[in-house]
Amino acid sequence: RGLGDVYKRQFLMSGCEMVCQFDHGIPMRDGEVLRGNLFRPAGPTPCPVLVLRTVFRKDWMGRGYGQYDPSFWVRHGYAVYIQDVRGLGASEGEFDRFTSDGPDGYDTIEALAACDWCNGQVGMIGSYFAGYAQLMAAAEHPPHLKAICPMQTSVSINRDCDNRGFLFASHIGWCTSRLVSRLRDGRYPEQVTRKYLPRMLDVLHTYVDSQLRSIPIGDMPVLRDSPFPIHQDYRRHLLDGFDDFELLHKEGRDMDVGRIHTPALYICGWLDSSRTPLLDHCAAQLAKGISSKVLIIPWEPGEAPARVDSPLEDGEMIVDLQAEMLAWFDEHLKGKAATNSSAIRYFDFVTKSCETMESWPPEHVTPRTFWLNEQGTLSDKEPERTGKDAYLHEPLHPLPYFPVGPCAAPLDRNAKTLCYTSAAVDADYRILGDGKATVFLSCTAADTDVMMSLVDVSPDGRRFIICDGATRARYRMDWISRPLTPNEIYTVEVELGRICYTLRAGHRLRLVITGSAFPKYDVNHGTGQRPIQDAQTVTSTTNVYYGPSYPSRLCLTVKSMS
């Protein structure tokens, strides 16, 4: 193929030669054959292999993400195997992200380890779903898997386990895009493709609005009219089963991480929600004596983490991910000495400095509490008077979600938004540790959502969202639904996740509270019913109380920069 010719020319120019084998098939235990592209050093000496299992087509991955470029790895003595997961690209079977990735990963790893060109040492690479596929494979304990490097992912990829009670609403679009890929690949009869491909392409352009208009959500046309297993599984797992304990346990953090004995280098960014679970994953493995590590870099969600000559290099802060991964796999697959011994390395987004620590939560930090107070203030002194503020929630007109990072929205107080802002700080300090807010609230409906964003407001008015979190009030304690009694006061905690952010002198902190953040979170109808059955909507008012009797507060840990 042309791609093989390109790589061969590149290697001949650099005094190296690479063998390329396309559509290499590996039978799975159920007889289905999954196919991958193999790139390995020429010559008789066996070498380690790095496996990347992708939903984005094996023929594109080596070129689409610089850090996975096979030529780099072959030049450093590794083979690379980029495989289409079950049911996508050139691989047989029905796509199934819920049950097949663990066993399929195991079978792939062990088949490659038995090849005469492989020395039996296998690692895995990849971000997002390819990172999730690594964790699922490692949980199956393939004997020849020696190290993994999951990026921007977690074992709870199918739901956000920090924010109880919400649907992972965007996954219907993700599932539909995989279905479009299968339709375009000719996996269905021609008449089926002619009928459904235009519909599914339309879904990809309209599914966000369709979710909002579909009441109940289970009546979305794409779900009601689809004969495809991927949509049926979506309904069963993420709509019918969004609060099912068996599924939560299967996809939740504790069980899966407890089963992962393979050393992992977890890579994520401070602006990526995966920072919290990946720090948790690393801590769980370290507690079991497994030498895992975390590297946290200030990239934005969705940004392609690449090499030193790409978006991660800004003149002040250079992160060469290929070099980081190479050092990790050289240690675990080739027995070389570790180049970085710290369990946790992270880059401060503001100061551009690289810091290290051995465990989370950090040591030598000071708790700091900011109290919600009258006139929208966030004070380090407890309020003397009791008061309340209110925000409106209209299910059919939700507020948009503003992702972490620079934000052009004003994020000011209005009928649907509460803001509590601190005084300008006198000196730089670093927010470092776990953020959490506690509010006392009542609602006129049987349920309400509490969405929070922690914001840095600069002297010139620019806003930077440091982190965010959310709690659906009826799941305020656990995954058991406890609807609210209208107008009764409850305590609700919101986890803001792991934080590292330097607040500069003259800047102010702002806590923003709303009742919706669509489409990251599905819209709360206010009825207290399960989403798939919820056919009504209720406009509601939520009161947030503060004062001596209702100590609503933001709790952080900070570290002096002096």
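**Cavities, cores and backbone geometry**

The second largest cavity has a volume of about 120 Å³; a cavity is a set of points, on a 1 Å grid over the protein atoms alone, where a 1.4 Å probe fits but cannot get out, and its volume is the space filled by probe spheres set on the points. The structure is a predicted model, in which local features need pLDDT of at least 70 and side-chain atom pairs count only at pLDDT 80 or more, whereas totals for chains, interfaces and linings use all residues. Residues are numbered from 1 along each chain as its sequence is written, and side-chain values use heavy atoms, with hydrogens and water left out.

The lining of the second largest cavity comprises 13 residues, of which Lys293, Glu324, Trp328, Asn340 and Arg345 lie nearest its centre; lining residues have an atom within 4 Å of a point. Helices (H or I, at least four residues) and strands (E, at least two) are DSSP runs numbered from the N terminus. By class, this lining divides into six nonpolar, three polar and four charged residues.

Across the whole structure, five cavities of 30 Å³ or more are found. The largest has a volume of about 210 Å³ and is lined by 21 residues, with Ile217, Asp522, Val523, Asn524 and His525 nearest its centre.

The largest nonpolar core contains 76 residues, among which Val49, Phe95, Trp117, Leu183, Met200, Phe228 and Tyr346 touch the most other members. Such a core is a set of buried Ala, Val, Leu, Ile, Met, Phe, Trp, Tyr and Cys residues joined through side-chain atoms within 4.5 Å, buried meaning under 20% relative accessible area and exposed over 50%, with partly exposed in between (1.4 Å probe, protein chains only). A second, separate core of 43 residues includes Leu378, Cys407, Val439 and Met452.

Two cis peptide bonds are described here. One runs from Ile215 to Pro216, with omega near 0°, and Pro216 lies in the loop between helix H7 (190-213) and helix H8 (221-224). Another joins Trp360 and Pro361, with omega about 10°; Pro361 is found in the loop between strand E10 (354-357) and strand E11 (366-373).

Positive phi values occur at Gln375, about 60°, and at Leu411, about 55°. Gln375 is exposed, with a relative accessible area of 77%, whereas Leu411 is buried at 10% relative accessibility.

Terms used:
1 Å grid on protein atoms, 1.4 Å probe; cavity = no way out; pocket = protein on both sides within 12 Å on 5 of 7 lines; lining within 4 Å. Nonpolar A, V, L, I, M, F, W, Y, C, P; charged D, E, K, R; others polar.
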